[in-house]
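User: Could you walk me through the side-chain contacts in this one? I'd like to go contact by contact.

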Amino acid sequence: MNILKKPSWYISENEVTDESLFDKRRDFLKLGAATVVLTSSVMEKLSAIEMTKRDPLRFTKTSFGKGLEQNSFHQASTYNNFYEFSLKKSEPAKLAHTLKPSPWDIEIKGEIEKPFTISMEEILSSYPLEERVYRFRCVEAWAMVVPWIGFPLSHIIKLAKPNSKAKYVKFTTLFDPKQFPDQAKGMFGNIPYPYVEGLRMDEAMNDLTILSVGMYGKTLAKQSGAPLRLIVPWKYGFKSIKSIVSIEFVENQPINTWNDINPKEYGFYANVNPNVDHPRWSQARERKLGSFFKQRTLMFNGYEKEVAGMYKDMDLRKFI
Ligand SMILES: Nc1nc2c(c(=O)[nH]1)N[C@H]1C(S)=C(S)[C@@H](COP(=O)(O)O)O[C@H]1N2
Ligand SMILES: [Mo]
């Protein structure tokens, strides 16, 4: 038997793009996979690459983020926070193959004219997609710059026709222990599920707030929250909820998951703010993925002009 321990194309992950490795795998399979035994680390790598097969999307480019240096797809899809899979940032990329982003329906409900369900197909055929390059800042002080593809959340809000009681929008991630291994652990899971997030209505209507269906020219990687996630670029990353199945219009401020877990450390607003430290670390600086040196954190993550007005009467030390 032909035992292949370390194929010549097996090089360290930061030296190649996923696509090129994937093509190599196809060539390799043509050699006759049945005669070959792969080491487990290679298998792991291959399954991770399988998962990042994504469909191309049609979209228009925009001037958002012009001049920013983008992180690579590889960086954005192998360093993830997605607790439904794992606490470890390298794990979602290896585990997310269990998520089935199609078919996928989203419930639109609560204080609106008439509740309804909308499928991903309907969403993709209803709204023109745009690419927006945004800064993304996790509360843990790492950051990245990603070309998201999506459309303003305000489109869905207009479609939903909220009534006068609708003051907040509540988002919920899929609950399905078959697709999310950590949900199968019940009370021994990493966090309580399903993951919930919320925005005030003016924040939800802000033009910067998008529902994202893609990244780097194609549909979202599963580990990035396929098939639909929120992106709120002036807020810490935990607000950008992944794999959304419900959008509910509510009267009272929703209790978002991280606020529920630890209200002293994580608030509802979670606006990026270099002047208000996390109780356990400074927020003044951040490390961009792939950079050795830290950089200054910008007020509202650099989107002050677009969003500061919404908070002008609020004490941002109190409303964390
Ligand atoms: N459902 C769900 N959404 C989530 C999370 C999660 O664990 N589960 N993590 C959040 C956090 S803390 C961050 S920083 C971002 C990470 O997004 P990324 O993996 O695409 O970088 O997703 C957010 N959305
Ligand atoms: Mo985060």
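User: Tyrosine 83, buried or exposed, and at what relative accessible area?

Analyst: This is a predicted model, so local features need pLDDT of at least 70 and side-chain atom pairs count only at pLDDT 80 or more, while totals for chains, interfaces and linings use all residues. Residues are numbered from 1 along each chain as its sequence is written, chains are lettered from A and ligands numbered from 1 in the order written, and side-chain values use heavy atoms, with hydrogens and water left out. Buried means under 20% relative accessible area, exposed over 50%, and partly exposed in between (1.4 Å probe, protein chains only). Tyrosine 83 is therefore buried, with a relative accessible area of 15%.

User: How many aromatic pairs are there, and which type is tyrosine 83 with tryptophan 258?

Analyst: Rings of Phe, Tyr and Trp (its six-membered ring) pair if their centres lie within 6.5 Å; planes under 30 degrees apart are stacked, over 60 edge-to-face, and the rest tilted. A search of the whole structure turns up 19 aromatic pairs. Tyrosine 83 and tryptophan 258 have ring centres 5.5 Å apart and planes at 80°, so this pair is edge-to-face.

User: How many residues apart in sequence are the parts that this pair ties together?

Analyst: Helices here are DSSP runs (H or I, at least four residues), as are strands (E, at least two), numbered from the N terminus. Tyrosine 83 lies in the loop between helix 3 (73-78) and helix 4 (92-95), and tryptophan 258 in helix 8 (residues 257-261), so the parts tied together are 175 residues apart.

User: And tryptophan 258, buried or exposed?

Analyst: Its relative accessible area comes out at 17%. That makes tryptophan 258 buried.

User: What is the angle between the planes of tyrosine 269 and phenylalanine 319?

Analyst: Tyrosine 269 and phenylalanine 319 make an edge-to-face pair, 6.0 Å centre to centre. Tyrosine 269 is buried at 6% relative accessibility, whereas phenylalanine 319 is partly exposed at 34%. The angle between their planes is 90°.

User: How many salt bridges does the structure hold, and which residue does glutamate 286 bridge to?

Analyst: A salt bridge is a side-chain nitrogen of Lys or Arg within 4 Å of a carboxyl oxygen of Asp or Glu, and the structure holds 12. For glutamate 286, the closest N and O atoms are 2.7 Å apart, and the partner is arginine 137.

User: Which strands does that pair link?

Analyst: Glutamate 286 and arginine 137 are 149 residues apart, so this pair links distant parts of the chain. Glutamate 286 sits in strand 14 (residues 285-288), and arginine 137 in strand 6 (residues 130-137).
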